[in-house]
Amino acid sequence: ISAMSSVISRRPALLSRTSRAFLSQHDATTVPHRTRPGTPLRRHLASGSAAPRKSRCIYVAATKQHVGKTSTSLALVSGLQKRFDKVGFMKPVGQQHVTVRSRELGVDVRVDKDVTLMREHFGLSHVDYRYMSPVIIPRGYTKDFIDGKITVDEQLTQISESYEAIDTSSDIVLAEGTGHVAVGSIVQANNARVAALMGADMVLIANGGLGSAFDELELNRVLCEHHGVRVAGVIVNKVIPEKYEQTKDYMTRALMDNWGVPLLGCIPDRHFLGCPAIADLERLFKTKLISGSSHVMRHYSIAETNLVTTSLGTFMATLRHKPSRTLYLCHVTRNDVILGFLGEYQRRLKVGDQFEATLVLCGRKGKYSLSTDMADMIRSWGAPVLHVEESTFRTMEMINQFTPKLNIDDKHRVKEAIHHYEKYIDFDELLRRTSSSDDTFDKPA
């Protein structure tokens with residue numbers, strides 16, 4: 001199908017056994033839990049002891065964007081790798097994609113960007129890219145679906161056959177959803193429906209808080225219930241450190257009293273994880289550093305951003321007395337500020353002082369430009385300078401509203417996210433619930 005961005009291979013018209021079983025029931029109000037066939041036990045703990053029951057797939061979905069779903073998924077895969085030999089990963093329905101090489105097919109395929117992060121960082125070589133991102137929804141996909149160029153059956157076949165391939169070669173599988181539970185509904189492939197198709201248990205991710213967080217969780221839980229998906233637990237992210245114990249206590253009781261569902265993790269906020277690197281700003285503004293490419297993975301917080309509207313003298317005093325790691329923004333016509341920045345960069349190099357500042361030059365495209373002579377001078381001096389073809393106001397606004405996403409290039413932030421999140425997750429309770437039958441699922445540990 002031309003609109004499908006990830007074609008596994010030429011498929012027969014018949015659906016896989018998982019799709020057929022699911023579609024026979026999908027018109028019902030509630031889809032019953034899918035029970036697994038009594039196949040021989042294939043999962044073994046890393047220590048060599050046999051697992052008591054084949055664990056269901058763990059499906060991770062959030063209540064909304066920017067709640068730390070990918071950070072949580074990274075921590076989950078890391079923790080599962082300490083407990084199982086082979087951990088599988090997939091993103092059944094994705095959006096933002098990259099092109100990678102499928103070893104099995106010998107051709108390039110498109111996969112969700114989070115798939116490359118997980119596979120490369122954790123070395124998941126036992127799973128081929130062809131199975132890890134079966135359905136991608138690029139621009140125009142929804143219209144093609146409504147026009148009948150793409151069918152529900154085709155989507156579900158791709159998802160179920162990909163999952164079965166990964167499940168067969170893995171001890172346990174973690175699937176990362178896209179956005180909140182209802183995302184994908186317009187193409188009849190929302191996270192709850194896909195989780196039901198895969199026989200997965202859901203882990204819901206929410207931002208810290210109590211009332212609003214619980215309300216958002218309830219909206220997503222109801223859709224899981226509608227599709228017959230068990231909720232294994234909840235993880236609450238980005239909790240204000242000063243309110244950590246309070247949030248953990250009250251959310252634990254609220255979840256258990258209302259749903260009988262455990263709080264599997266309560267993660268305090270880690271400010272650094274939300275700080276963009278220069279590489280993130282390059283992607284945001286679709287540009288590249290004029291010079292200073294070795295600084296591309298340097299991170300800045302909003303508090304470390306300074307708009308220069310003062311005289312050169314005041315700017316130089318600020319440059320020398322403010323913390324070295326500061327992101328400065330000025331208009332592209334401020335040659336005095338540019339030369340002052342370059343001069344201070346060279347001075348620091350000569351005396352061996354640390355210099356971690358970056359200068360962002362702003363100016364609306366078509367109205368203001370950086371002169372060729374100035375661009376050449378910047379390149380020859382090597383200071384980290386970024387040119388953005390937006391007004392200073394718009395540039396500041398975009399930086400303030402920007403939420404950086406984890407990616408394979410930012411290895412430091414990825415490692416920090418795993419280290420920070422993993423220790424707060426109750427893996428024992430998660431695995432107990434996902435390996436429990438319906439009769440024992442809600443029994444306390």
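Author: Start with two helices. Helix α3 (residues 113-122) packs with helix α15 (residues 411-422) at an angle of about 80°, and their axes are 12 Å apart. Helices here are DSSP runs of H or I with at least four residues, strands are runs of E with at least two, and both are numbered from the N terminus. Axes are lines fitted to C-alpha atoms, for helices over the stretch in contact, and angles between N-to-C directions run from 0 to 180 degrees. α3 and α15 are therefore roughly perpendicular to each other; that term covers 65 to 115 degrees, while under 35 is roughly parallel, over 145 roughly antiparallel and the rest oblique.

Which residues make the contact (heavy atoms within 4.5 Å)? α3 brings L117, H121 and F122, and α15 brings V414, K415 and I418. These residues divide into 4 nonpolar, 1 polar and 1 charged. Nonpolar means Ala, Val, Leu, Ile, Met, Phe, Trp, Tyr, Cys or Pro; charged means Asp, Glu, Lys or Arg; the others, Gly among them, are polar.

A word on the source. This is a predicted model, where local features need pLDDT of at least 70, side-chain atom pairs count only at pLDDT 80 or more, and totals for chains, interfaces and linings use all residues. Residues are numbered from 1 along each chain as its sequence is written, and side-chain values use heavy atoms, leaving out hydrogens and water.

Now the sheet. Its 6 strands form an open sheet with parallel pairing, in the order β2-β7-β1-β8-β9-β10. Strands pair if DSSP finds at least two bridges between them. β2 (87-90) and β10 (263-268) each have a single partner strand, so one side of each lacks a neighbour in the sheet.

How values were computed: Contact means heavy atoms within 4.5 Å.
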